[in-house]
4 protein chains.
Amino acid sequence: MAHHNFSPSTYFQTIGSHAAALVIADGDTVTVSTLDANGYDLNNAHQAADPNPMSGPFFIEGAAPGDALAVEIIEIEMTRATGWTRQGLAWHLVDPHQVRAMPPREKIFWDINPRQNSITLQKPPAALKDWSIPIVPMIGCFGVAPDGGEAISTATSGHHGGNMDYRGFGEGVTAYFPVSVPGALFFLGDVHGAQGDGEIAGTGIETSAEITFKVRLLKNRKMRWPRGENETSIFTVGNARPLDQALQHATTEMLVWLEQDYGLDKIAASHFLGMNVRYDVANVFNPAYSVACRLEKSALAALK
Amino acid sequence: MAHHNFSPSTYFQTIGSHAAALVIADGDTVTVSTLDANGYDLNNAHQAADPNPMSGPFFIEGAAPGDALAVEIIEIEMTRATGWTRQGLAWHLVDPHQVRAMPPREKIFWDINPRQNSITLQKPPAALKDWSIPIVPMIGCFGVAPDGGEAISTATSGHHGGNMDYRGFGEGVTAYFPVSVPGALFFLGDVHGAQGDGEIAGTGIETSAEITFKVRLLKNRKMRWPRGENETSIFTVGNARPLDQALQHATTEMLVWLEQDYGLDKIAASHFLGMNVRYDVANVFNPAYSVACRLEKSALAALK
Amino acid sequence: MAHHNFSPSTYFQTIGSHAAALVIADGDTVTVSTLDANGYDLNNAHQAADPNPMSGPFFIEGAAPGDALAVEIIEIEMTRATGWTRQGLAWHLVDPHQVRAMPPREKIFWDINPRQNSITLQKPPAALKDWSIPIVPMIGCFGVAPDGGEAISTATSGHHGGNMDYRGFGEGVTAYFPVSVPGALFFLGDVHGAQGDGEIAGTGIETSAEITFKVRLLKNRKMRWPRGENETSIFTVGNARPLDQALQHATTEMLVWLEQDYGLDKIAASHFLGMNVRYDVANVFNPAYSVACRLEKSALAALK
Amino acid sequence: MAHHNFSPSTYFQTIGSHAAALVIADGDTVTVSTLDANGYDLNNAHQAADPNPMSGPFFIEGAAPGDALAVEIIEIEMTRATGWTRQGLAWHLVDPHQVRAMPPREKIFWDINPRQNSITLQKPPAALKDWSIPIVPMIGCFGVAPDGGEAISTATSGHHGGNMDYRGFGEGVTAYFPVSVPGALFFLGDVHGAQGDGEIAGTGIETSAEITFKVRLLKNRKMRWPRGENETSIFTVGNARPLDQALQHATTEMLVWLEQDYGLDKIAASHFLGMNVRYDVANVFNPAYSVACRLEKSALAALK
């Protein structure tokens, strides 16, 4: 169970079967630097093209199609004192009669202040001059290579993970991805310093970062969609348009999980979900939207 | 500011310009009994046809189109020791290849135990024999008469409110509806003893109840969609299909609210929403889906 | 089989259980005048509020829930030399980045020239100065009262018909509606002098008209959605959002029709539909979108 | 303007920047064999994995990002006397309550009879024993390499074309694709002997074929989506989910086309489209749905 410090020399704008950047073993931890969504590093130097240049891929020894790759997000450290967003909500998220009054979607800069644990607009409008948000870092885009030779743009997401932009993928969370190719080929990047639900401004606080994660292999797991777990919840993530379909996928995946691991048949799982389910709208901006279907572990405790 | 005890003799399956059942004044409180979604009362006697027979309408003196009606939900008391759901998730919420394996959607009964503050299945499958959920009552369907002479089925929802089936409409919440006709004509019913997000089993714990609420008039409010407020949050509710469009409406309504009452222009409101917004998937079962767009009051505090 | 000339004194903006304007018999024909979508008559006098004021309702003797009402559209005569549209495509039908460049949706007037069988813009832009379209009249909004006491806005559509805005509902077509209340209560109006697919400008050529139609009762038909038939095709119409769901409803209704009347089981009907089906996008503007699922009679001939 | 006969030795399940199989010049024609969607050739020998193995890619000399590649489909010859479909409509296209009664989606074989110009079921149900359909061949999947290093599964479609499964892509049609990489890298395959709208059974008559096509380069065309043209129509194709969004893309692309090449501004183009537009539902089965927005050349003639 080695620890690796890895500093990429190449970045990828697609998640696919690219040559491994580093070979690691089940149980290893890695600390890796990531660029922001537009390819800028900790010194604000442009290192790679957008969208969402990925660090990796990491080849996990022994990973085979049908396995699940567990990725524990141990730490996400801000490496730059600035981040950026786009100004204005994404136009498709406001009623059309309002679109004409929306501001142009210019790039806006924010200060990231780790000591105060706060993020503030560099040039706040008067109404927001006293406003700050806490740093709650998350990984916007990560996942494993899809099968069939696909190389999927980091602008979007799917069964393989990708650009889910879910604020639930923060420190202390373990993400699970269905392995589709030998070695899994794990990519990550696009850290956000903070973000609301839905990524409705089209970005989080986009910035460079250093991520420490640990991988574990779960052999022969039948998973179709990314899953996750933190101290209090388990969740599944469906990626598709429209939002209804992302929710349908996430719900189906959770139904299957309850059958697989919690001893519930479809009737029992339906009762349980019907009363306990929580949905998070992860992103409604990217080509595929993302919905998390979540259950509290406190509710699940009654099943054991 | 009178208090009224009201026991309906007629119930309505549409929300429209029906003759007022009771005339009340701005500031009055009302305690009213409601039937369950299939029309059964506290004695399990069938009193009215489904869907969701409504108590009311209450004519609020002085209410005029353009006003908002604030309805504070003071108390929702369970009046029956039983509730019901449908078995199995709604079929359109699981991937089609799973639909064929889903159980038939039979009516299933639950015991409501106010002393233990719990709800339990009458005939639990083995895996759920130790499982209960707390009573967290909510109003499934309530709203005000639409304009233009429409009488909208209580199966669905819209600008006027209606069958939003949002677990956020519980005790301690104030709901706001845009008034469209003189007197507002407020209807309510369809109480659920508990429910998860999305009403994905097609029902909450459907039961009879007694609701105590207080009305207030807000003159000349420009609202297009229902809004709400509790101790910790404000929220708007959009009702439409697909889910994307419900979210679009709710987001637009919140944007307008921030402009109207919080001194933010579209740029400031976009920054604020982008980082702070929370969405609740209220229902994905009814003809119109419902999404709540929510902001924590703690976040809003920075704006004052 | 009487003929009735009917000139309404009242118009309705909802389709519901309003008092019958005229009682007619199975087999009767009616000639009735209709207002344009904004309520203007043949003299451009404002007679009723929008949207889509309806002539009727006609009570058909003997019609009962479970029957189908067949309405043969014998003739649609233009009664005014002018019609109107809105300028610019509906904003939700162009990509959001184009919405800001779209023209405001002003009311624009057209000349209707029955002698030339043409419709021309009153003030054409230079590029359209030689452009005209033929008069191909259609009924935008017609249908029968829904059950459950609903009164549904003529802005939208559903199982009962309503504002489907399908150019396929023209002269020579027989429309079928599922009867939900005694007497069926048939409404009609909102004639368009011409229109493309989808009603993507938000209107057809809106004008007043005189419609001659004949009713027939089909007892005990199991229909869920409007159907239609002309010399060359049969079709079903699904009304819902998103377009996918309207298509799903129309397809399901056609599948059922093939089972009911053409002796096909689900396998045979699927083969037949898979190779022969045609879809028309009727409207993508109204609160409910409409899709027609169509089969050529020449293809159906092979089944007999 | 050479003619090339090309018989692939390798096939691709993604459309991406694979090594060129053949370099051709602007104006060249090519005759190429294609496999069926499951990878079977003219002898029913399995040659490649599904989905939709592609012949190509063809590198067109001089093609550069920003150009359009015109592909004239000169001939599509059936090379096998059999084709296959799946039994039963795709389950997501019928209302959920019908899904449980739908047949399993088994592979079903058809005879292709070029002499009679007909296609018939090998084992027809009794009701279809006299039923045949004419051979109307089309290309299910074709397109050019996307930029950014993406390799997109031939199961789906996008800006680059791909698995649009549009029956409008038959003999005599010229398709236009936006070139994104040097040489364009054109792929094709997945011929259907016939198909209705929407590919609602999930397939057309899947078979091997020999396609003859001619390429032309149009330098510096600003296109975002595939376009096409036949003797009577021009059309654009939008690819996305839900269907609404595919339609939005196709409509926007046609609006731009009318501005670019027909001298219409947005107001004139809107009038013209509003009255003349036709939509074809190309596919509602694949991960991205496809809608064609079509205009008759007879209508366009008035603009010159």
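Two residues are in contact if their C-beta atoms, placed from the backbone, lie within 7 Å. The legends below describe a predicted model.

**View 1. The surface shared by chains C and B.**
The contact takes 13 residues from chain C and 13 residues from chain B. On the side of chain C that touches chain B, four residues are nonpolar, seven are polar and two are charged. Of the interface residues of chain C, 100% are also interface residues in chain B, so the copies meet through the same surface. Chain C is superposed on chain B by a rotation of 180 degrees with 0.0 Å of shift along its axis, at an RMSD of 0.0 Å. The C-alpha of C:A151 is the one in chain C nearest the axis, 2.3 Å from it.

A rotation of 180 degrees, with 0.0 Å of shift along its axis, superposes chain A on chain B with an RMSD of 0.0 Å. The two copies are therefore related as by a two-fold rotation axis. In chain A, the C-alpha of A:L243 is nearest the axis, at 2.9 Å from it.

**View 2. Helix 3 of chain B and what covers it.**
Helix 3 (residues 266-276) of chain B is mostly covered, with nine of its eleven residues buried. The buried residues are B:A268, B:A269, B:S270, B:H271, B:F272, B:L273, B:G274, B:M275 and B:N276.

The domain assignment of chain A gives domain 1 (3-81 + 135-218) and domain 2 (227-303). Taken over C-alpha atoms, the centres of domain 1 and domain 2 of chain A are separated by 22 Å. The contact takes 20 residues from domain 1 of chain A and 19 residues from domain 2 of chain A. Strand 13 (157-158) and strand 15 (174-178) of chain A each supply at least two residues of the side of domain 1 that touches domain 2. Strand 15 of chain A gives the most to that side, with three residues. The side of domain 1 of chain A that touches domain 2 of chain A divides into eight nonpolar, nine polar and three charged residues.

**View 3. A:L69 in the nonpolar core.**
The largest nonpolar core has 394 residues, of which A:L69, B:L69, C:L69 and D:L69 touch the most other members. Apart from its neighbours within four places in sequence, A:L69 is in contact with A:I60, A:A63, A:V144, A:Y176, A:F177, A:V179, A:A184, A:F186, A:V215 and A:L217.

**View 4. Strand 4 of chain B between two partners.**
Strand 4 (residues 29-34) of chain B has a covered face made of B:V30, B:V32 and B:T34. Its uncovered face is made of B:T29, B:T31 and B:S33. Strand 1 (residues 3-6) of chain B pairs with strand 4 of chain B in the parallel sense over four bridges. In this strand 4, B:V32 is the bridge partner of B:F6. Strand 17 (residues 209-218) of chain B pairs with strand 4 of chain B in the antiparallel sense over six bridges. B:S33 stands opposite B:E210 in strand 17 of chain B.

**View 5. A four-stranded sheet in chain C.**
Four strands of chain C form an open sheet in the order 7-8-9-10, with antiparallel pairing. Strand 7 (82-86) and strand 10 (133-134) of chain C stand at the edges with a single partner strand each, so one side of each is left without a neighbour in the sheet. Strand 8 (residues 107-113) and strand 9 (residues 118-121) of chain C run antiparallel and are joined by four bridges. C:D111 stands opposite C:T120 in strand 9 of chain C.

Technical notes: Residues are numbered from 1 along each chain as its sequence is written. Chains are lettered from A and ligands numbered from 1 in the order in which they are written. This is a predicted model: local features need pLDDT of at least 70, side-chain atom pairs count only at pLDDT 80 or more; totals for chains, interfaces and linings use all residues. A nonpolar core is a set of buried Ala, Val, Leu, Ile, Met, Phe, Trp, Tyr and Cys residues joined through C-beta atoms within 7 Å. A residue is buried if 20 or more other C-beta atoms lie within 10 Å of its own, exposed if 12 or fewer, and partly exposed in between; C-beta atoms are placed from the backbone. Domain bounds come from an automatic or database domain assignment. Ala, Val, Leu, Ile, Met, Phe, Trp, Tyr, Cys and Pro count as nonpolar, Asp, Glu, Lys and Arg as charged, and the others, Gly among them, as polar. Copies are superposed by least squares on the C-alpha atoms of residues with pLDDT of at least 70 in both. Two strands pair if DSSP finds at least two bridges between them.
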